[in-house]
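Look at the structure below with its sequence alongside.

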Amino acid sequence: MSFVSVRDVWQAYDGRSILERVNVEVEEGEFISIVGASGCGKSTFLRMLLAEEVPVRGAISIDGGAPAVEPGRERGVVFQRYSVFPHMTVRENIIAAEGFAKPSGWLFGSARKAARNRADAMLVRIGLNHVADQYPASLSGGMQQRLAIGQALTAKPRVLLLDEPFGALDPGTRLQMHDFLTELRAETGMTVFMVTHDLAEGFKLGDRVLVFDKVRWDPMDPGLHGATITYDFDARDGGVPFQHILDRYPSLAPEPVGKA
Ligand SMILES: Nc1ncnc2c1ncn2[C@@H]1O[C@H](COP(=O)(O)OP(=O)(O)OP(=O)(O)O)[C@@H](O)[C@H]1O
């Protein structure tokens, strides 16, 4: 059995189908990029992988375990909008991430001191040790997002879920974050699922690129049917030229530079 196994998963809200018949098998350590038109259910799929919500049908299992019913330490998540705590320093943000992963939610005495040492090691790892005592507002967007990734990594997750993690960053910072993520991944052997609207990014970072789309379409009721995985591209060797996908999915094309 694969490390992550998604079997015949369906999701619906208020009786409206969002995802249907989603099947995918993922090996440990694979980097899976996810693309698809806006609103097709990509974030919903990530939330189910995180066990933040359960599918109405089908099951997702990780490492052969029973389907999870709530988020656990083995899954970390990073969203596009900075999820760091603005009233805490950079170091406190990392310590808090560890504290919240504990059942009691808080750390005291020697446990807190040890957590501080681990936090400092993490800050060195993500290149933020020189700003450990600053507040997030004083950091650049790329630094804040590195802090968010550092928080997610604090619990040493085996699966990292990234929802458009670099969507709010400028192109240069984005490229730096690609290198950072590639290094982290080589170091940790984590399995990664990343939703992106940038196909080039998806093919560059991913081992595979999954495309979500609707295969059934009712012109009288466009919201009737849900999306599923329509393509599973092998992106390891540079992948297929992504222009072919853009031809079929023009809505995925990046915004022209300078467009308001
Ligand atoms: N908790 C919810 N209750 C009701 N509807 C929801 C809920 N969560 C998501 N939806 C709806 O499900 C659909 C899929 O949303 P989702 O955020 O998963 O899409 P997405 O592909 O990630 O979109 P985008 O690319 O724009 O971020 C949308 O129509 C959204 O409004």
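Which residues in α3 are buried? This is a predicted model, in which local features need pLDDT of at least 70 and side-chain atom pairs count only at pLDDT 80 or more, while totals for chains, interfaces and linings use all residues. Residues are numbered from 1 along each chain as its sequence is written.

The buried residues in α3 are Ala 115, Ala 119, Met 122 and Leu 123. Burial is counted on C-beta atoms placed from the backbone: a residue is buried if 20 or more others lie within 10 Å of its own, exposed if 12 or fewer, and partly exposed in between. Helices (H or I, at least four residues) and strands (E, at least two) are DSSP runs, numbered from the N terminus. Seen down the axis of α3, the buried residues fall within an arc of 95 degrees, so they line one face of the helix; the arc is that of the directions from the helix axis to the C-beta atoms. An α-helix has 3.6 residues a turn, so residues three or four places apart point the same way. The other side of α3 has exposed residues: Ser 110, Lys 113, Ala 114, Asn 117, Ala 121 and Val 124. After α3 comes Gly 127, with a positive phi near 70 degrees.

The largest nonpolar core has 60 residues. Such a core is a set of buried Ala, Val, Leu, Ile, Met, Phe, Trp, Tyr and Cys residues joined through C-beta atoms within 7 Å. Helix α4 (residues 141–154) gives the most to this core, with six residues. Ile 34 is among those with the most contacts inside the core. Leaving out residues up to four places away in sequence, Ile 34 touches Lys 42, Phe 45, Phe 193, Met 194, Val 195, Leu 210 and Phe 212, where contact means C-beta atoms, placed from the backbone, within 7 Å.

Around the ligand are ten residues in the list Tyr 13, Ile 18, Gly 36, Ser 38, Gly 39, Cys 40, Gly 41, Lys 42, Ser 43 and Thr 44. Helix α1 (residues 42–49) gives the most to this shell, with three residues.A residue is near a molecule if its C-beta atom, placed from the backbone, lies within 6 Å of it.

For Asp 8, in strand β1 (residues 4–13), phi is near 45 degrees, and Asp 8 counts as exposed, with 12 C-beta neighbours inside 10 Å. Asp 63, in the loop between β4 (57–62) and β5 (75–79), has a phi of about 55 degrees and is partly exposed.

Definitions and conventions:
Contact = placed C-beta atoms within 7 Å.
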